[in-house]
Amino acid sequence: MSDLKLFVAPNTCARVPTIALEEAGATFETELIRTAAGQQQTPEFLAINPKGKVPTLLIDGAPLTENVAILTWIADAFPEANLMPTASGLEKLKQTADLAFFSATVHPTVTRIAMPIKFIPDEKASFETVRPLGMQDMDKIMKMIDARLEDGPWWYGDQWSIVDGYLYWVWTRCLGVGYPDAPFPNIRRHRELSDARPAVQRAMAREEVNIETLKAEGNYMAPK
Ligand SMILES: N[C@@H](CCC(=O)N[C@@H](CS)C(=O)NCC(=O)O)C(=O)O
């Protein structure tokens, strides 16, 4: 059994591997990175991940970065947890495409909605321009995802997978900054079912502890 440490920050995409590890029943430690205070850019953290990002998973002390790789590693390391449907050849590559879709298409759209200030260094202007355009693109994405879940409840039908963990993070992140859920009944159902999963609850409880720590330190940046 590998020694696992996951570098995390609340509300970020580090929620996805946290859920995956909880679903796998893994024994793991999380370490909070204070992103609002710039801890991801310190020499100590950059020595672990030169990209200065969470999540980063230390596997027996060796860092693995990028959600697509981290989630794939977790699924392979805990086969009995069935975190992805069994597949090979083209079907396996389609699963990689699903993870890459969330990482490379949906996540950057989340950033435009949730952190528009990253694109225009004027908060008011960013809320008035970047966010609405991000919302428009997100509507197209969510419409497609909602249609995919019609026969659900999960991305791959009856079987929960780490793609569902990814959707859960994206969706909750969007709702946290006022994205409307009314037009997407199947994603709403997905969220309710996800909230009821003990592993998701344990992952969110870990985040809650970190939020309280950040608040106590004055380092918490609430979504707005
Ligand atoms: N492509 C990376 C993206 C990682 C990423 O953007 N992480 C964000 C949090 S969601 C982060 O660390 N932000 C801190 C920063 O950019 O300073 C992945 O999928 O793992």
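Student: Which side chain makes a polar contact with the side chain of Asn-11?

Tutor: A polar contact is a pair of N or O atoms within 3.5 Å; within protein, one must be able to donate a hydrogen and the other to accept it, and residues adjacent in sequence count only if both atoms are side-chain atoms. Here the partner of Asn-11 is the side chain of Arg-15, at 3.4 Å. Bear in mind that this is a predicted model, where local features need pLDDT of at least 70, side-chain atom pairs count only at pLDDT 80 or more, and totals for chains, interfaces and linings use all residues. Residues are numbered from 1 along each chain as its sequence is written, and side-chain values use heavy atoms, with hydrogens and water left out.

Student: Where is Asn-11 placed, and is Asn-11 buried or exposed?

Tutor: Helices (H or I, at least four residues) and strands (E, at least two) are DSSP runs, numbered from the N terminus. Asn-11 sits in the loop between strand 1 (4–8) and helix 1 (15–24). Buried means under 20% relative accessible area, exposed over 50%, and partly exposed in between (1.4 Å probe, protein chains only). With a relative accessible area of 12%, Asn-11 is buried.

Student: What is Asn-11 in contact with, leaving aside neighbours within four places in sequence?

Tutor: Contact means heavy atoms within 4.5 Å. On that basis, Asn-11 meets Trp-169, Arg-173, Glu-207, Tyr-220 and Pro-223, once neighbours within four places in sequence are left aside.

Student: How do I read the largest nonpolar core, and which residues touch the most other members?

Tutor: A nonpolar core is a set of buried Ala, Val, Leu, Ile, Met, Phe, Trp, Tyr and Cys residues joined through side-chain atoms within 4.5 Å. The largest one has 58 residues, and Phe-102, Met-138, Met-142 and Ile-145 touch the most other members. Helix 7 gives the most to this core, with nine residues. Beyond four places in sequence, Phe-102 touches residues including Ile-145, Trp-155 and Val-170.

Student: Where is Cys-174, and what does Cys-174 touch?

Tutor: Cys-174 lies in helix 7 and counts as buried, at 1% relative accessibility. Leaving aside neighbours within four places in sequence, Cys-174 is in contact with Val-110, Met-138, Met-142 and Tyr-179. For a distance across the chain, Cys-174 and Thr-111 are 63 residues apart in sequence and 9.3 Å apart in space, C-alpha to C-alpha.
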